[in-house]
Amino acid sequence: MKTAKILLFVAMAFAAASCKVEDPFVDRVVAPVLLVFDNAVGDGGGFTTEPTVLSKATTSATVSVRILELDKTNILDYKKGIDSIPVTGLALSLTTRAGVKIADVTTDAKGRAVITKTWAEFGVAAPKAGSIVSLTLTGKYKEQSFSKLARLQAN
């Protein structure tokens, strides 16, 4: 009787292990491009889920981002490696997390998009050091939509 239960348990364990299970914690699709923010704390957001971009509280606020496509053709060649190619002419939309549109912008020949607005246009009437605006940058590249979260912080 015990042997039958053990065999049944082992069979069910193998059956459960062979099933494909969706990851409940990562419901995202990998973005087709790399977004690197200027004036961001740390690495510029390339490897940060939600980078913080710093801008002076006494002047207009600026969000500047470089959009790069990663060419992995030579990934196995240690001398060449992965190449970062600027994405030009890419239409982007910057909004607050509440859905208020800040600006539409297009990347230049170097893959850079710069948005400069007053703090009031970002939704902060009286900016002071530490004021934060939560932003979403969205676009579409090679028929794949993407979005990147960021925070704009006055310093």
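Leu152 is in contact (heavy atoms within 4.5 Å) with Val53, Ser55, Ala61, Thr62, Val63, Trp119, Phe122, Ser131, Ile132, Val133 and Leu135, leaving aside neighbours within four places in sequence. The model is predicted: local features need pLDDT of at least 70, side-chain atom pairs count only at pLDDT 80 or more, and totals for chains, interfaces and linings use all residues. Residues are numbered from 1 along each chain as its sequence is written, and side-chain values use heavy atoms, without hydrogens and water.

Leu152 also belongs to the largest nonpolar core, which has 30 residues. Such a core joins buried (under 20% relative accessible area, 1.4 Å probe, protein chains only) Ala, Val, Leu, Ile, Met, Phe, Trp, Tyr and Cys residues through side-chain atoms within 4.5 Å. Phe37, Ile67, Leu92, Phe122, Leu135 and Leu152 touch the most other members. Strands 1, 3, 5, 6, 7, 8 and 9 each supply at least two core residues. Strands are DSSP E runs of at least two residues, numbered from the N terminus.

Five strands form an open sheet, ordered 2-9-8-5-6, with mixed pairing. Pairing requires at least two DSSP bridges between two strands. Strand 2 (52-55) and strand 6 are the edges, each pairing on one side only. Strands 8 and 9 pair antiparallel over ten bridges. Leu137 has Lys148 in strand 9 as its bridge partner.

Glu69 sits in strand 3. Its side chain makes these polar contacts (N or O atoms within 3.5 Å, one able to donate a hydrogen and the other to accept it; residues adjacent in sequence count only if both atoms are side-chain atoms):

| Side-chain pair | Polar contact |
|---|---|
| Glu69 and Tyr141 | 2.7 Å |
| Glu69 and Lys142 | 2.7 Å |

The C-alpha atoms of Glu69 and Val33 are separated by 4.8 Å, although the residues lie 36 apart along the chain.

How values were computed:
Buried < 20%, exposed > 50% of the residue type's maximum accessible area, 1.4 Å probe, protein only. Helix = DSSP H or I, 4+ residues; strand = E, 2+ residues; numbered from the N terminus.
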